[in-house]
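Please open the structure in a viewer and keep the sequence panel beside it.

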Amino acid sequence: MNPKILEHHSLVPTVRQDPLLGSSETFNSFLRRAQQETQQVPTEEVSLEVLLSNGQKVLVNVLTSDQTEDVLEAVAAKLDLPDDLIGYFSLFLVREREDGAFSFVRKLQEFELPYVSVTSLRSQEYKIVLRKSYWDSAYDDDVMENRVGLNLLYAQTVSDIERGWILVTKEQHRQLKSLQEKVSKKEFLRLAQTLRHYGYLRFDACVADFPEKDCPVVVSAGNSELSLQLRLPGQQLREGSFRVTRMRCWRVTSSVPLPSGGTSSPGRGRGEVRLELAFEYLMSKDRLQWVTITSPQAIMMSICLQSMVDELMVKKSGGSIRKMLRRRVGGTLRRSDSQQAVKSPPLLESPDASRESMVKLSSKLSAVSLRGIGSPSTDASASDVHGNFAFEGIGDEDL
């Protein structure tokens, strides 16, 4: 029996400013105070641990009332990362699994207090990680011109390859290791940029209704797309890709299924809140279809989609992703008294023989046999749906 939906609403990961609240600075200050007072945390100086992608720990002195951008500035100062490159990186809340891998919970929003966010969870499993915040690898050129920026990108890329997030053949692995041995970091990154899933964020195993109901998948986000890796019965590992520019809209909803005697599947814990990301996709010129992913990380997936759309719109308008850093009232950015170098990761280990190569489900999604699905429940308000301003129509020549 299907679980009865007790609650159905949108979980919006971003906060939209109401013009009546005034400037974004005033609005963020209001949210900061609300979070601090809710958790009953006094303002005081504390040490906060931030991890780099390679697991290196960076300890910074911050105030409990410092917002995300304040902490990001403190980390940058500790690493000696120039002010004009801070906007290329973000802080993420992650959960460390038993195998040491990170499960991404969400990107910390500007109004959040990182110290309060991580300590209020009351678990040593939760950490804060520094990772690049953009998707287009063309922006790597800006970061690689700086020594610290280069080292951060290099450490992140090596870590992603070791995790299996970036797909590498044996020959590519040999070339990469050879460049490591020569300490040719820029050349290493240039080669890595050509690899499948470079710069992608991978999520934990979950389920989707593509290409069939309750299909186990692994979702990755990057390069203006969501990638679904799956294994159909009797077939090898396959991949289907959904371009952000063909998503008309998407939304995240939650429901609480009633306890049942059935077994749980990935992304669907029995009796737990179930999160779903649903997006309406342009399969062919005149056919839109809903695709649903059920995952505890649905909010993070939505955040990734929104940031990819934002980046596409900024690039389309000829703008830059460099942020105008907020300065403290009556002061300047705090610089660290002691600085810390980004440690160079060890040489790549031999490729995992258990990792399979993937084939594309189809070069044309319209050629894939998809089960017909209706739109998600319509009891949610229109404000639950994220419209996509980067959505583009396609012609028959694109199919």
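**An enclosed helix**

Begin by selecting helix α2: 12 of its 12 residues are buried, so the helix is largely enclosed by the rest of the structure. The model is a predicted one.

Colour residues 68–79, the extent of α2. Among the buried residues are Thr68, Val71, Leu72, Val75 and Leu79, and the charged residues Glu69, Glu73 and Lys78 are buried as well. To see what covers them, display strands β2 (45–51), β3 (57–63) and β4 (89–96), helix α3 (114–119), and also β6 and α5; the covering of the buried residues of α2 includes these elements.

The length of α2 can be checked in the viewer. Its 12 residues, at 1.5 Å a residue, should span 16 Å, and the end C-alpha atoms lie 17 Å apart, which agrees.

Next, zoom in on Asp70, which belongs to α2. Asp70 has a relative accessibility of 4% and therefore counts as buried, the limit being 20%. What lies 2.8 Å from a polar atom of the Asp70 side chain? It is the backbone nitrogen of Gln67.

**Leaving the helix**

Move on to Asp80, which follows α2 and sits in the loop between α2 and β4. Its phi is near 65 degrees, a positive value in a residue that is not glycine. Asp80 is partly exposed, with a relative accessible area of 32%.

Follow the chain into β4 and then select strand β5 (residues 102–107). The two strands pair in the antiparallel sense over five bridges. Within this pairing, Phe92 has Lys107 in β5 as its bridge partner. The hairpin of β4 and β5 has five residues between the strands, and Gly100 there takes a positive phi near 90 degrees.

**Salt bridges**

The whole structure contains 17 salt bridges; several are visited here.

Select Arg106 and Glu112 first. Their side chains meet in a salt bridge, at 2.6 Å from N to O. Are the two partners buried or partly exposed? Arg106 counts as partly exposed at 26% relative accessibility, whereas Glu112 counts as buried at 5%.

Now select Arg131 and Asp160, whose side chains form a salt bridge of 2.9 Å, N to O. This pair links distant parts of the chain: Arg131 lies in strand β6 (residues 126–132) and Asp160 in helix α5 (residues 147–163), 29 residues apart. Both Arg131 and Asp160 are buried.

Continue to Asp141 and Arg190, a salt bridge in which the closest N and O atoms are 2.7 Å apart. Here too distant parts of the chain are linked, with Asp141 in helix α4 (residues 140–144) and Arg190 in helix α7 (residues 185–193), 49 residues apart. Asp141 is partly exposed at 33% relative accessibility, and Arg190 is partly exposed at 39%.

Then display Arg196, Glu225, Glu239 and Arg243 together; salt bridges that share partners join these residues into one network.

**Two loops**

Select Phe210 and Pro211 and inspect the peptide bond between them. It is a cis bond, with omega about -5 degrees. Pro211 lies in the loop between β8 (206–208) and β9 (215–222).

Proceed to Asn223, in the loop between β9 and β10 (225–231). Asn223 has a positive phi of about 50 degrees although it is not a glycine, and its relative accessible area of 42% makes it partly exposed.

**The whole chain**

Finally, zoom out. The chain has eight helices and 16 strands, and 50% of its 399 residues are buried. Of the contacts with a separation of 6 or more, 67% are between residues 24 or more positions apart.

Colour the chain by pLDDT. The average is 79, and 70% of the residues score at least 70. Where pLDDT is low, the predicted coordinates should not be read in detail.

Notes
Residues are numbered from 1 along each chain as its sequence is written. This is a predicted model: local features need pLDDT of at least 70, side-chain atom pairs count only at pLDDT 80 or more; totals for chains, interfaces and linings use all residues. Side-chain values use heavy atoms; hydrogens and water are left out. A salt bridge is a side-chain nitrogen of Lys or Arg within 4 Å of a carboxyl oxygen of Asp or Glu. Buried means under 20% relative accessible area, exposed over 50%, partly exposed in between (1.4 Å probe, protein chains only). Helices (H or I, at least four residues) and strands (E, at least two) are DSSP runs, numbered from the N terminus. A polar contact is a pair of N or O atoms within 3.5 Å; within protein, one must be able to donate a hydrogen and the other to accept it, and residues adjacent in sequence count only if both atoms are side-chain atoms. The expected span of a helix is 1.5 Å times one less than its number of residues. Contact means heavy atoms within 4.5 Å. Two strands pair if DSSP finds at least two bridges between them. pLDDT is the predictor's confidence in each residue, from 0 to 100.
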